[in-house]
Amino acid sequence: MDRRLLLIAPYFVWLVGLVLGPFVLIIATSFALRDESGTLHFGLHFDAYRQLADPLYLEVLGRTVLLALAHSVITLVAAYPMAFFLSRLDRTSAGTYLTLLLVPFWTNYLIRLLGFMEVLRWRAFGMEWTFTPKGMLAALLYNYLPFAVLPLYSALEKIPTSLIEAAQDLGASRRRVFTQILWPLTRRPLIIVFLLVFIPALGEFLIPAIVGGGRSFYLGTFLEQQFLISRNWPLGAAAIAVLLGLSGFILIFAGKSLAEEGVA
Amino acid sequence: MKLLRVYTLALLAFLWMPLSVLLFKGLSLVAFEKLLNSSDVLSSFRNSLVLAAATAILTTVL
């Protein structure tokens, strides 16, 4: 056998067994029929998708997409200045800051979230943060910030300081430096970072459950209910299929945008 | 740059705050003593270490 084939064999087995296998199983389950006893009958039934078209579930999907969108925009806006600052530092200082950025994320996700709940209880700015959408947005920002800062830092680091200084020497304001130099050069990484923080947020479960207090349904909590409580696996699988479709559509759209700019 | 430094430090404080709150909540060594004397905790700690090491090795090999 070709040595190269032998080398990729473990990856191939992993891909088929642990990525494609569960994916096919989810799609098959979404088309299954669940009888009154809870038994699944596999076939080509569209009941779960019909159920999913209920306005109640569409509202859950809409709410989830809105939360993920708001979170992605906030995270990008918060991460950009930090990434820019780090990109202008020497390697040692930037390394220190990056370590400080990453170390809190070596701790278990659940523990970090419980700690974050303690902070939210302080009622910063005289506002109630726990069990509210803004509390969830703060928690999402807290959790996804490094995923936005690191790729942005890597992109901004490649822009020479001399380019910015030249523009400033020629009289460009800070705003103009941003709109005419930084923005065009970092638009593509920004799209990638947007996807990096947006897509995982669509399926986020712990933040709506813990920080949101499970008070309103989001896709993650909805899935938990369908799979663990209601045991309506076809409906949960159909929701996952829709989520995968939505993520795929966004990825294709972003891929096309990047290809047009000559990246992909 | 000064403003950006303050902004970055504020964001880092935001990231460190939840962990600091948990670490310093009721600051004493009693919890650590309980932790080290609990065979359940030590056993789960060992299991997590084994699992994490196995995952790291397998992922790197793959």
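## The cavity

Which residues line the largest cavity? Before we get there, keep in mind that this is a predicted model. The lining is made up of A:T64, A:L67, A:A68, A:L140, A:A201, A:L202, A:E204, A:P208, A:Y218, A:L219 and A:G220. Helix 3 (55-87), helix 8 (174-202) and helix 10 (219-229) of chain A each give two or more residues to it.

As for volume, the largest cavity comes to about 60 Å³, and the structure has 1 cavity of 30 Å³ or more.

Now for the greasy part. In soluble globular proteins, nonpolar side chains tend to be buried together. Here, the largest nonpolar core counts 70 residues. Helix 6 of chain A (residues 133-157) supplies the largest share of this core, 13 residues.

Some residues have the most contacts inside the core: A:M82, A:L86, A:L145, A:V149, A:L182, A:V211 and A:F222. Take A:V149 and skip its neighbours within four places in sequence: A:V149 then touches A:A79, A:M82, A:A83, A:L86 and A:L101. Two of those partners, A:M82 and A:L86, are also on the most-contacts list.

## Where the chains meet

Chain A puts 31 residues into its contact with chain B, and chain B puts in 18 residues. Together they bury about 2200 Å², with 83% of that on carbon and sulfur atoms. On chain A's side, A:F85, A:Y97 and A:Y142 supply 24% of the area buried against chain B, more than any other three residues.

Methods: Residues numbered from 1 in each chain as written. Chains lettered and ligands numbered in written order. Predicted model: local features only at pLDDT ≥ 70, side-chain atom pairs only at ≥ 80, totals over all residues. Heavy atoms only, no water. 1 Å grid on protein atoms, 1.4 Å probe; cavity = no way out; pocket = protein on both sides within 12 Å on 5 of 7 lines; lining within 4 Å. Points joined across faces, edges and corners; volume = space filled by probe spheres on them. Helix = DSSP H or I, 4+ residues; strand = E, 2+ residues; numbered from the N terminus. Core = buried A, V, L, I, M, F, W, Y, C linked by side-chain atoms within 4.5 Å. Buried < 20%, exposed > 50% of the residue type's maximum accessible area, 1.4 Å probe, protein only. Contact = heavy atoms within 4.5 Å. Buried area = accessible area lost by both parts, 1.4 Å probe.
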